[in-house]
Amino acid sequence: MVLLRKLPGMPGWPAALGLRLPQKFLFLLFLSGLLTLCFGALFLLPDSSRFKRLFLPRRATAASSSSSSSSASSSSASSSSTRDTDLPRSPPAAAEPRHASPAAPRRLREKLRTAARMAGPPAHTAPGSRQQVQGGERRAEPATGAPPARETRAPFRFDYERFRRSLRHPVRGRRPGEDPETRARRMKVKEMMKFAWDNYKQYALGKNELRPLTKNGHIGNMFGGLRGATVVDALDTLYIMELEEEFQEAKKWVEKSFDLNVNGEASLFEVNIRYIGGLLAAYYLTGEEVFKSKALELGEKLLPAFNTPTGIPRGVINLGSGMSWSWGWASAGSSILAEFGTLHLEFMHLSELSGNPVFAEKVMNIRKVLNRVEKPQGLYPNFLSPVTGNWVQHHVSIGGLGDSFYEYLIKSWLMSDKKDSEAKKMYDDALEAIEKHLVKKSAGGLTYIAEWRGGILDHKMGHLACFSGGMIALGAEHAGEERKQHFVDLAAEITNTCHESYARSDTKLGPEAFRFDAGTEAMATRLSERYYILRPEVVESYMYMWRLTHNPKYRQWGWEVVKALEKHCRVEAGFSGIRDVYTTTPTHDNMQQSFFLAETLKYLYLLFCEDDVLSLDDWVFNTEAHPLPVNHTNFKASVQ
Ligand code: DMJ
C-alpha cells in the first residue's frame, strides 16, 4: 500500500475511487483484514503443510515430517530454533505422524497417510522385504545437493577380491614358531569362547543374551525388536579363533532367522556398534554376501534418526516406523556425544559397500556441526541439542557418554589410511584439552582421567574410561617423534592405573567405577559401583599396549584376568557378571553380555597372538571390537 501511494503520478487507490477520509480508513481496515485472512489460511487449511515448511523453522522430527530431510538438515545446521521443548521424551504410542495428533482433523491425517504411501519403499531395501506404509515411514534421501540415490546411481558392485588383495597380512596371521606357553594361553581363551558360545546356543539361541544361571535367554530393550545380538557380536570372534563349526552355526542363524522387519525402540548407537559393526566385520573377513546385505538393510533403517534440524541424530529410533526421539534421561532432549560420535567408521563402510554416499554424508555432517560449535576450554561436553546444535550441559567425560567419540576420531584417521587429517586434528586438539584439564596424578602416583562438571573436577574414573590407555597407545605411534614417547608414557600410566583397579580388588577384576579421593586410590567407594559385568576396556588397553611395546607384563596382566574370569565368572552354563569385586564369594548377575564374546574374549585372544593376526596395518577395531579394514585402495570398487 505504501508503495502504491508513493508511485509518482499515481494516486492511491482510495483517492482514485473518490473516497473521503473515514471511508478511506474503513477501506484500508477491510483490505488489511482480507490480507490477514488469506495469509492465515495458508497455515490453517489441511493442505498447508508445505507452506508451513516454507515459513516456519524446522522442528523436532518425526520421520514422517522429513522426507527431504537430509538436505534440509545440513543446510539448517545453523538454525537457532529453540523448539527443544516439544521433543518427545518417551516413545510415541503409535507410528503416527507427529503433527497428525488425535486432535488434528481426520481428513488431514488421511492425506498424510496417503502421501506416505505414495512416497514408496525406502531405497535399497532388499526385494521382498516387508514395508510399513504408515505415516511414520519415509524414504531417507542423501544430504545437501545430492539427488535421490535411487534414481541416479549407476549399478554398483564392491570388488571383494580386490579388497582382499589389498591386505598387507593374512587375516589370521602366519603362526611362525611360537612359545608353548603363549599358545596354551591362547588356546585357553579359545576354549572359553567355545564354552560361552555353546551355552548361548543351547539355552538362548536367537535371544539377545544368555542368562547363564537360569539357563534361558534375555531380550532386553536396546535393540528395537532385533534378536540374536550375541550371534552377530560373536561372528568375527568365532571366525578369528578358527571355531569353524560354531561360525557356521552363527552364519546359518543370520541367514535363516535374523529378521530385520521389527518394530520397537532401538538405541541407534548399540544397533550400529554391535549389529552393523558385527555384520560388516563378518563380511570383510569372509566375503559372505548375506552379511553385507543385512548390514546395508539395517543401515537404511537407521537413517530417519538423522532427520533433525542439525542432522545430529537422536538416540532412539523405532526400526519399523522410523520415528526417532531422544532418551528420556538425556538433558533437555539432547543427543549424546558418545552415541552420535560413534557412527563414523561403520557409516563410511556402508557407503563404501553400497556406493550410496548418504551414509558418509550423514556422519560428515555431524563432524561439521561439532567443528562449528564452540568448545569450553577446548573440551567436548557430553550433551548436544539436535535442534540448535549447542551444548546442553557442560559435563565432560572420557568414560561413559563421551568415550568412543574420541576413539572414533583417531580411528577415522587410521581407517582412511591417514588421509582424513581433519579427524586427526580434532583428536589431537581434544587430547590436548583433556591432558590440560582432566589428567591428574594421585598422591600415590597413579595417573587418572577425571570427569569435568562445568569446571569442577570429579576425581572418578569409570571402567569404560579404561579404553583410553589403548586409544592413546594407538595414537602415540603416529605422533611426531618428539611427542611419541610422551604419549607412550601417558598410555602406559593410564593402563597401569586401570590394572591397579583390578589388582586392588579381592577377585582381581575391576569395579564399574573407582575414585581418587578421601585417601582412596583406584577403588570403588560406593556400593553401587562395585560390580563387574564382563567389560572389555582394561584388556583392550593391555592388547594395544602389548602390540605397541611388547612388554611381557601386559600378557601377564591379561592372563591374571583370564584366571579371575574362570574363578569368579564361569558358572555351569556360561559366564556371568558379578555384583561385588571386593568379595571372594561374589553373587552373579545372571547375564552373559554379548560384548564379552565380541570384545573381552577377542582382545584376550589377540593378546596371545602374533601381531599379524588382524594386523593394525590392515584393520581398525570399532568400539565393539569388530575389525573394519583400513582403506588402502582409497575404497575404490568396480562398477558393473
Ligand atoms: C561395549 O558395548 C562397547 O565397548 C561400548 O563402546 C562401551 N560399552 C560396551 C562394553 O563395556
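Let's start with a term: a residue is called buried when its relative accessible area is under 20%, exposed when it is over 50%, and partly exposed in between, using a 1.4 Å probe and protein chains only. Keep in mind that you're looking at a predicted model, where local features need pLDDT of at least 70 and side-chain atom pairs count only at pLDDT 80 or more, while totals for chains, interfaces and linings use all residues. Residues are numbered from 1 along each chain as its sequence is written, and side-chain values use heavy atoms, with hydrogens and water left out.

Now to the charged pairs. Side chains of opposite charge can pair when their charged atoms come close. Here a salt bridge is a side-chain nitrogen of Lys or Arg within 4 Å of a carboxyl oxygen of Asp or Glu, and searching the whole structure turns up 34 salt bridges. One of them joins Arg-186 to Glu-178, with the closest N and O atoms 2.8 Å apart. Arg-186 is buried, at 2% relative accessible area, whereas Glu-178 is partly exposed, at 22%. Lys-419 pairs with Asp-417, and there the closest N and O atoms sit 3.8 Å apart. Asp-417 is partly exposed, with a relative accessible area of 21%.

Next, have a look at Arg-515, which forms a salt bridge with Glu-529 at 2.7 Å between the closest N and O atoms. This pair links distant parts of the chain, 14 residues apart: Arg-515 is in strand S15 (residues 513-515), and Glu-529 is in the loop between S15 and helix H21 (537-549). (Helices, H or I with at least four residues, and strands, E with at least two, are DSSP runs numbered from the N terminus.) Both Arg-515 and Glu-529 are buried. They also belong to a network of salt bridges that links them with Glu-451, Arg-453 and Asp-458.

Finally, what lines the second largest cavity? Its lining has 13 residues, with Gly-341, His-344, Ile-366, Arg-367 and Leu-409 nearest the centre. (A cavity is a set of points, on a 1 Å grid over the protein atoms alone, where a 1.4 Å probe fits but cannot get out; lining residues have an atom within 4 Å of a point.) Helix H16 (358-372) and helix H17 (403-415) are the elements that give two or more residues to this lining.

Arg-367 lies in helix H16 and is buried, with a relative accessible area of 4%. Leaving aside residues up to four places away in sequence, Arg-367 touches (heavy atoms within 4.5 Å) His-344, Ser-412, Asp-420, Glu-422, Ala-423 and Met-426.

Conventions. 1 Å grid on protein atoms, 1.4 Å probe; cavity = no way out; pocket = protein on both sides within 12 Å on 5 of 7 lines; lining within 4 Å.
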